[in-house]
Amino acid sequence: MKKINLNNIIRNHILQMQAYSAARLEFDGSNAIFIDANENPFGSVSDYSCNRYPDPLQTDIKNALAILEDISPKQIFIGNGSDECIDLLIRAYCEPKQDAILYFPPVFSMYQHCADVHHIHKQEILLLEGSYQLDIDKILNRISNDDSIKIIFICNPNNPTGNLIHTDDILSILDAFNGLVVIDEAYIDFSDATSFVSHLHQFNNLVVLKTFSKSWGMASIRLGYLMADEQIIQALNTIKMPYNIGQHTQETVLNALQHHQTKTDYINEIIEQKNILLEALKQFSFIEKIYPTAANYVLIKVDDANKLYQHLIKDNIVVRNRSKLPLCENSLRITFGTANENQQLLTSLKNYQ
Ligand SMILES: *Cc1c(COP(=O)(O)O)cnc(C)c1O
């Protein structure tokens, strides 16, 4: 087991802090008279009964997720989307104007966005042109020479390129780096790869992110979760807003966890649509490249991305234009839709030019 001293990388003032003590945590019983939190004891104005503050630590969800992920509930942190998890990691471990995060464009822009919000230095090493794999020699060289880097973000499968990152490369970074390595697995369910959760017992600097926004089909409830060493979870619990996950969200997620097999049905349906669409896209000569994908979207390189984007918009079809990202010149990212949606996309593409 690789163990770094996590107390060395957390911001010192946070290490010294106590968690905010929420009213609901000071007494843990149920059938009491709760006149401790200034709630309305009579009921709610809405049809949905929500006059009481929710469980600040989301114990029921964590217990259910722990079984699903085969880890301890103490290794789970739950956020208002994985976006909140990313934000809190940066806030806990990076000192503004001093520390840095490292990530590998073209990639999901939230890492960069959160670093900007908190005034954290950003270090980028581009993925390799063609394969979109990690430039591993350059990365290993960088991390051995720069101890201002506190967190490395790896998106796997990568958004927007869709490919899986080589496991051996990730493992060598985990081995070499004495800060946190965050693997963002928002799309892992669509791939045949094994989650890095299975490596949590080997590395106390490994952090795995998952979300209910994609394969679970629950983007609007806003729930993501982070799995890591207990000490990291404790640090995040210390700084999070006490009631970051609402009662309605907690109930909805708990309900979903009780019939999680449905997720597999959705994934199978999406992969079936993926295979049909990818095959059909081959007929268009203006699509110069269809990148291999392990996710629920595909990145394509076309002759003129802006022109095609506008053409699709005119037909009421919205794709993501990623042309401004490095190594994504003239590239559009298309999420696999329903059979009907994909058919309309193909019809629109046939009318292009
Ligand atoms: C969609 C997405 C997420 C999910 O974010 P939520 O805040 O949980 O909705 C996380 N990471 C990546 C790479 C994504 O594309």
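Reader: Where is the place of R222?

Author: The model before us is predicted. In it, R222 belongs to the loop between β6 and β7.

Reader: What is the phi of R222 near?

Author: The general idea comes first. Most residues other than glycine have a negative phi, and most peptide bonds are trans. R222 has a positive phi, near 65°.

Reader: Is R222 buried, partly exposed or exposed?

Author: Buried means under 20% relative accessible area and exposed means over 50%, with partly exposed in between. R222 has 29% relative accessibility, so R222 counts as partly exposed.

Reader: With which side chain does the side chain of S213 make a polar contact?

Author: The side chain of S213 makes this contact with the side chain of R222, at 3.5 Å. S213 also lies in the loop between β6 (206-211) and β7 (224-228). Because its relative accessibility is 14%, S213 counts as buried.

Reader: Where does N38 lie, and what is its phi near?

Author: N38 is found in the loop between α3 (23-26) and α4. The phi of N38 is positive, near 60°, in a residue other than glycine. As for cover, N38 has a relative accessible area of 77% and is therefore exposed.

Reader: Which residues does a cis peptide bond join, and what is omega there?

Author: The general point about peptide bonds was that most are trans. Here, N156 and P157 are joined by a cis bond with omega of about -5°. Another cis bond runs from N159 to P160, where omega is near 15°. P157 sits in the loop between β4 (149-155) and α8 (167-176), and P160 is likewise in the loop between β4 and α8.

Reader: Let us turn to the ligand. Which residues around the ligand come nearest?

Author: The ligand has 13 residues around it, and those that come nearest are D184, Y187, T211, S213 and K214. By class, the shell around the ligand consists of four nonpolar, five polar and four charged residues.

Reader: How many Å separate an oxygen atom of the ligand from the side chain of T211?

Author: An N or O atom in the T211 side chain is 2.6 Å from an oxygen atom of the ligand. Backbone atoms should be read separately. For S82, a backbone N or O atom lies 2.7 Å from a ligand oxygen atom. For D83, a polar backbone atom is 3.1 Å from an oxygen atom of the ligand. Taken alone the ligand exposes 390 Å², and the protein buries 93% of that.

Reader: What is the volume of the largest pocket, and which residues lie nearest its centre?

Author: Again the general idea comes first. Rolling a probe the size of a water molecule over the atoms shows where empty space is left. In this model the largest pocket has a volume of about 300 Å³. Its lining has 14 residues, with I317, V318, T335, G337 and E341 nearest the centre. Two or more lining residues come from each of β11 (331-335) and α13 (339-350). The largest share, four residues, belongs to α13. The lining of the largest pocket divides into six nonpolar, five polar and three charged residues.

Reader: Which element gives the most to the lining of the second largest pocket?

Author: That element is α9, with four residues. The second largest pocket has a volume of about 230 Å³, and its lining includes L57, K62, P73, E230 and N237. Elements giving two or more residues to this lining are α4 (59-69) and α9 (230-239). Its classes are four nonpolar, four polar and three charged.

Reader: How many cavities of 30 Å³ or more does a search of the whole structure find?

Author: The search finds one. The largest cavity has a volume of about 40 Å³. Among the residues lining it are F104, L127, F153, C155 and N158. That lining has eight nonpolar residues, one polar and no charged.

Reader: Finally, is H311 buried or exposed?

Author: H311 has a relative accessible area of 10% and is therefore buried. H311 lies in helix α12 (residues 305-314). Sequence and space may also be read side by side. H311 and Y352 are 41 residues apart in sequence, yet 7.0 Å apart in space from C-alpha to C-alpha.

How values were computed. Residues are numbered from 1 along each chain as its sequence is written. This is a predicted model: local features need pLDDT of at least 70, side-chain atom pairs count only at pLDDT 80 or more; totals for chains, interfaces and linings use all residues. Side-chain values use heavy atoms; hydrogens and water are left out. A residue is near a molecule or strand if one of its heavy atoms lies within 4 Å of it. A polar contact is a pair of N or O atoms within 3.5 Å; within protein, one must be able to donate a hydrogen and the other to accept it, and residues adjacent in sequence count only if both atoms are side-chain atoms. Accessible areas come from the Shrake-Rupley method with a 1.4 Å probe; for residues, only the protein chains shown count as cover. Ala, Val, Leu, Ile, Met, Phe, Trp, Tyr, Cys and Pro count as nonpolar, Asp, Glu, Lys and Arg as charged, and the others, Gly among them, as polar. On a 1 Å grid over the protein atoms alone, a cavity is a set of points where a 1.4 Å probe fits but cannot get out, and a pocket is an open set with protein on both sides within 12 Å along at least five of seven lines; lining residues have an atom within 4 Å of a point. Grid points are joined across faces, edges and corners, and a volume is the space filled by probe spheres set on the points. Buried means under 20% relative accessible area, exposed over 50%, partly exposed in between (1.4 Å probe, protein chains only).
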